[in-house]
Amino acid sequence: MKNFIPVTRPLLPDFDDFVNELRDVWDNQWLTNYGPKHQKLEAELKSYLGVENISLFTNGHLALQVALRALELKGEIITTPFTYASTTHAIVECGCTPVFCDIDPVTLTIDTKKIEDLITEKTTAILAVHVYGTACDHKELKRIANKHNLKLIYDAAHTFGVTVDGKGIGSLGDISMFSFHATKVFNTIEGGCLTYSDPSLKQKIEAICSFGFEKNTSNALYVGTNAKMTEVSAVMGLCNLKIVDESLKKRKKVFEYYNEKFKNFDALQLICEQEGVKTNYSYYPIIINPDKCKTNCDQIAKKLEEQQIIPRRYFAPLTSEFSCYKNCFKNYETPVADFVSKNVLVLPLYPNLNLEECEKIYNIIVKELEK
């Protein structure tokens, strides 16, 4: 549809560049199982993300599952309900119990002031989520984790290329998971990775990733899964890595245009700028305060959709409210997350979104806010 404006569009390399890179795969007939493209992408991402250890996966969800299994976590894991389904599902699928902590009203990441009240003798880890390219309070999370002897895991699906005080965000904590899904700022069509501080985890992570097999044997050391990245996905990653920095510059222009336009509306809360954090402009959420205007996010979304503009409600409902978890876990009070989930709207943002289209989006929203 010519005038259709989705919430995002995938980053795609030049087609000829993709085909040329893909030709090697056809020539050597190596399609999966840690082929040369997989190995090359792993090395390049290790450098780009500024991490010491990295393993690639067929998607971010399986990567997160493998992270929890590799750490042999049991019992309770403190996390946030303001996240994508994958975060909570991975905890449950690994036999652990999610304990839902509220979010900080400014950063929308896990509220470190409320974590220690949730720690019990069953707590084994904290799984924090960097949201919309915004970083968690990693220093306080590290202090809490060290004090209580807990593992610290990050869902970094939104933060490809983000740095904190000049260091890659994937160097924080014990393990971080990045998603390379088509909707992310960097994609391998589907894909993901784990970055981790302990190099001895690599053998275990990659064994679990490949049915639990000990390398070069048919003996399973662990109850594993099949989560290996294919060579075709690795090719897409290699091509996109060449253009991702230019893409981020274009995303920044859209992000800053929205910021300039919306900054003076009392009814809107915008994403915060963090000292020392270089963001990736992955999403542009607005939080509408219904007490300060005569509209809400559903009404604004409807008006946008009438003009073939498709925003998204990331994240609504909270994962703690999913039907599949009804009566499964303790009801934790998360008033900030509840409010944000009910009032957040993520606007279209992608590299080739032009400013005329942004102006159209802005005018529709303003008309609703000022009515």
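A polar contact is a pair of N or O atoms within 3.5 Å, where, within protein, one atom must be able to donate a hydrogen and the other to accept it. In this predicted model, the side chains of H148 and E116 are joined by such a contact, at 2.7 Å, and the side chains of S55 and E206 make another, at 3.1 Å.

H148 is found in the loop that runs between α5 (138–147) and β5 (151–155). Leaving aside residues up to four places away in sequence, H148 touches E116 and I119. H89, by contrast, is 59 residues from H148 along the chain, and the C-alpha atoms of the two are separated by 24 Å.

S55 belongs to strand β1 (residues 54–57). With a relative accessible area of 1%, S55 is buried, because buried means under 20%. Again not counting residues up to four places away in sequence, S55 touches E42, G192, C193, L194, Y196, K202, I205 and E206.

| Residue | Relative accessible area | Polar side-chain contact |
|---|---|---|
| S55 | 1% | E206, 3.1 Å |

Helix α4 spans residues 85–93, and its buried residues are A85, S86, T87, T88, A90 and I91. The elements that cover these buried residues include the helix α3 (60–70) and the strands β2 (76–79), β3 (97–100), β4 (123–129) and β5. Just after α4, G95 takes a positive phi of about 80°.

**The packing of α3 against α6**

Two packed helices are described by the angle between their axes and the distance between the axes. For α3 and helix α6 (residues 201–209), the angle is about 125° and the axes lie 10 Å apart. The two helices are therefore oblique to each other, because an angle of this size falls between the range of 65 to 115 degrees that counts as roughly perpendicular and the values over 145 that count as roughly antiparallel. The crossing in which α3 passes α6 is right-handed. On the α3 side the contact is made by V66, R69 and A70, and on the α6 side by L201, K204, I205 and I208.

Terms used:
Residues are numbered from 1 along each chain as its sequence is written. This is a predicted model: local features need pLDDT of at least 70, side-chain atom pairs count only at pLDDT 80 or more; totals for chains, interfaces and linings use all residues. Side-chain values use heavy atoms; hydrogens and water are left out. Helices (H or I, at least four residues) and strands (E, at least two) are DSSP runs, numbered from the N terminus. Contact means heavy atoms within 4.5 Å. Buried means under 20% relative accessible area, exposed over 50%, partly exposed in between (1.4 Å probe, protein chains only). Axes are lines fitted to C-alpha atoms, for helices over the stretch in contact, and angles run from 0 to 180 degrees between N-to-C directions. Angles under 35 degrees count as roughly parallel, over 145 as roughly antiparallel, 65 to 115 as roughly perpendicular and the rest as oblique. A crossing is left-handed if the near helix is turned anticlockwise from the far one by less than a right angle, and right-handed if clockwise.
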